[in-house]
Amino acid sequence: MIAGIIIGVIVLILIIFVISNYNTLVKRKITVEEAFSTMDVYLKKRFDLIPNLVETVKGYAKHEKETLEQVVALRNENYNGMTDEEKISNGAAISQMIPKIMALAEAYPDLKANQNFMELSAQLEGVENDIANARRYYNGAVKKYNMSVQTVPSNIIAGMFHFETKPMFEVEDAVERKNVQVKF
């Protein structure tokens, strides 16, 4: 009788443990998805803003064709058809190209004074700030989620229910931090 009660209590504790860990993993996964959706809105906004900026710069910097073609190539991919990982990769690649476009503006005083360029670059700056904030939020949510998926004892539950780690949104620091040089 007492052995049955002890076994019943142990089984109940295990069930509560599994349910609790499962619910924690689900909540963290939903938070990661919500964080990605927020970041995705800003990435899409920047994705749509890029062609206008490139067209404005093209008129002034015809011989900077390579930089502009790289940006256009990244932009021409079907954004809605991309996986989350492809969107992160594409967003990081575009982040690396934007300083090059802005460096072109420094080389062309007439371009810097162009009202359309000024408005587009102000919008782009705002979107870049929004992306940076969303990226911090997303990476924080991914960190918590990945820690839950990889640490004991929740990794056992994660393995049982096929919870997989999520990628961080990273831009190479070396590219992001170095000065961009424009040579003619």
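In this predicted model, Phe-163 is a buried residue, with a relative accessible area of 9%. Its ring pairs with that of Tyr-22 in an edge-to-face arrangement, 5.7 Å centre to centre and with 70 degrees between the planes. Tyr-22 lies in helix α1 and Phe-163 in the loop between α6 and α7 (173-177), so the pair ties together parts that are 141 residues apart in sequence. Across the whole structure, four aromatic pairs are found.

**Overall fold**

The protein contains seven helices and zero strands, giving the pattern α-α-α-α-α-α-α along the sequence. Of its 184 residues, 33% are buried. Among contacts with a separation of 6 or more, 80% are between residues 24 or more positions apart.

**Nonpolar core**

The largest nonpolar core comprises 43 residues, and those with the most contacts inside it are Met-39, Val-57, Tyr-138 and Phe-169. At least two residues of this core come from each of α1 (2-60), α2 (65-75), α3, α5 and α6 (154-160). Helix α1 provides the largest share, 12 residues. With residues up to four places away in sequence left out, Met-39 touches Ile-88, Ala-134, Arg-135, Tyr-138 and Phe-169.

**Packing of α3 and α5**

Helix α3 (residues 84-107) and helix α5 (residues 115-150) have axes that come within 12 Å and cross at roughly 145 degrees. The crossing is left-handed. On the α3 side, the contact is made by Ile-88, Ser-95, Ile-98, Met-102 and Ala-105, while α5 contributes Phe-117, Ser-121, Leu-124, Glu-128 and Tyr-138. By class, seven of the contact residues are nonpolar, two are polar and one is charged. Two residues of this contact, Ile-88 and Tyr-138, are also among the residues touched by Met-39.

Asn-146 is also located in α5. With a relative accessibility of 12%, Asn-146 falls under the 20% limit and therefore counts as buried. Beyond residues up to four places away in sequence, Asn-146 touches Thr-165 and Lys-166.

**Accessibility of selected residues**

| Residue | Relative accessible area | Class |
|---|---|---|
| Asn-146 | 12% | buried |
| His-162 | 64% | exposed |

**Backbone features**

Most residues other than glycine have a negative phi, and most peptide bonds are trans. Two sites in the model are of interest in this context. The peptide bond joining Val-152 and Pro-153 is cis, with omega of about 5 degrees. Pro-153 is placed in the loop between α5 and α6.

The other site is His-162, which has a positive phi of about 60 degrees although it is not a glycine. His-162 is found in the loop between α6 and α7, the loop that also holds Phe-163.

Key
Residues numbered from 1 in each chain as written. Predicted model: local features only at pLDDT ≥ 70, side-chain atom pairs only at ≥ 80, totals over all residues. Heavy atoms only, no water. Axes fitted to C-alpha atoms, helices over the stretch in contact; angles between N-to-C directions. Helix = DSSP H or I, 4+ residues; strand = E, 2+ residues; numbered from the N terminus. Left-handed = near helix turned anticlockwise from the far one by under 90°. Contact = heavy atoms within 4.5 Å. Nonpolar A, V, L, I, M, F, W, Y, C, P; charged D, E, K, R; others polar. Core = buried A, V, L, I, M, F, W, Y, C linked by side-chain atoms within 4.5 Å. Buried < 20%, exposed > 50% of the residue type's maximum accessible area, 1.4 Å probe, protein only. Phe/Tyr/Trp six-rings, centres within 6.5 Å; stacked < 30°, edge-to-face > 60°.
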